[in-house]
Amino acid sequence: MGGVHGTYLAAVPARASHALVRRRLAGSIVGGGGALVYRPISVLGWGMTFHWKCCPWPRFRAMRREYDAIVARLISKAQRDGVPGERDDVLVLMLSSRYDDGTTMSRGEVADELLTLLAAGHETTATTLAWAVERLRRHPDVLRALVDEADAGGDALRQATIFEVQRTRPVIDLVGRQVQADHLRIGRWTVPKGYAVLVSITLLHENPAVFPDARTFDPRRFLDVRPDLHHWIPFGGGARRCLGAAFAHMEMNVVLRTMLRDVTLLPTSDPAERWHLRGVANAPAKGGRAVVRYRVGATRPPQHDAAVRVRRKEGV
Ligand code: HEM
């Protein structure tokens, strides 16, 4: 990863206990002027909470068993339905795929791939969309311009808005690499073999030397300009950059376009929602609460009218 500046890098021994990591973070920081990187600690705190608070592993294992049972049922159903050409969803594609030697993926491998799609793909994309709603309700000028653009069939500002949401509210805060060579030189720092180098995405994105007026939400900074992938790193960077980045962008573009065309998102003067770590991703604490009205002529989901009738009957 290039573009190394200031205070967003930390080097920690890769196999260190969390306590050691904490101590090291206070002493062995790679960054401008030896300054302490304070943000990553909150992220490492996630691991610490996981280890020490209320021993969550039995609950985790129970949830994993439940997940495996659900996936096993889905796989059995897909195999039963497996008439060629009847289904073309990802599960069926995986079940019918073959390795070079002609063997199929095991059930466990398929379950793991689905978990990757769910955790790495769905949670991150959905959370970024929640932030988009949260930001747009607080920036009515951008919201208005986006609605006009969607109505006119364009998408340049929408693309720029997605880039800016990801810059100002990156849902993953850290990417890490372990030093495999004898040592790694980064600027005036030397990181020994075996250490992990952690990059705080948030701190880099907030660096005013890289993004002028960095604290301001301004999608126009990306209008008709592709972000520099050494500075804009919500998907990480280098050889292990997120595999689903292009797919996630396509998904977010389609969802936002549909939302802008079908509903009026009502602006709010409420304060910005706080960050809240939901296990995988940093989400808006209230979920990116939205108040919407259907636009005239909008396509409503088929179940909408029935749902409204039920709610009326229940007096909601
Ligand atoms: C807004 C949505 C997403 C965000 C913010 C995001 C973020 C990230 C980040 C930060 C990494 C680590 C990259 C690195 O270490 O340099 C990563 C890796 C990965 N992501 Fe995503 N991701 C998103 C969507 C997706 C989707 C939709 C998929 C799959 C369909 C996906 C699959 C993966 C996989 C498989 C990796 C591991 C890549 C590797 O280690 O080679 N992600 N993602």
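Trainee: Why does S76 count as exposed?

Mentor: S76 has 11 C-beta neighbours inside 10 Å, and a residue is exposed if 12 or fewer other C-beta atoms, placed from the backbone, lie within 10 Å of its own, partly exposed above that, and buried at 20 or more; S76 therefore counts as exposed. Its place is in helix α3 (residues 57-80), a helix being a DSSP run of H or I with at least four residues and a strand a run of E with at least two, both numbered from the N terminus. Bear in mind that this is a predicted model, in which local features need pLDDT of at least 70 and side-chain atom pairs count only at pLDDT 80 or more, while totals for chains, interfaces and linings use all residues. Residues are numbered from 1 along each chain as its sequence is written.

Trainee: What makes β3 and β4 a pair?

Mentor: Two strands pair if DSSP finds at least two bridges between them, and strand β3 (residues 183-186) and strand β4 (residues 189-192) have four, in the antiparallel sense. R185 has T190 in β4 as its bridge partner, and in the hairpin, with two residues between the strands, G187 takes a positive phi near 55°.

Trainee: Which residues of the largest nonpolar core touch the most other members?

Mentor: They are A132, V199 and I201, out of 35 residues in that core, a nonpolar core being a set of buried Ala, Val, Leu, Ile, Met, Phe, Trp, Tyr and Cys residues joined through C-beta atoms within 7 Å. Elements giving two or more residues to this core include α6 (140-152), α7 (156-168) and β5 (195-200), but the largest share, six residues, comes from α5. Leaving aside residues up to four places away in sequence, A132 touches T161, V165 and L256, contact meaning C-beta atoms, placed from the backbone, within 7 Å.

Trainee: Which element supplies the largest share of the shell around the ligand?

Mentor: That is α5, with seven residues; α5 (107-137) and α9 (245-262) each supply at least two. Of the 21 residues around the ligand, G121, T124, G236, C242 and G244 come nearest, where a residue is near if its C-beta atom, placed from the backbone, lies within 6 Å.

Trainee: How many buried residues does the whole protein have, as a percentage?

Mentor: Of its 316 residues, 24% count as buried, and the protein has 10 helices and nine strands.

Methods. Two residues are in contact if their C-beta atoms, placed from the backbone, lie within 7 Å.
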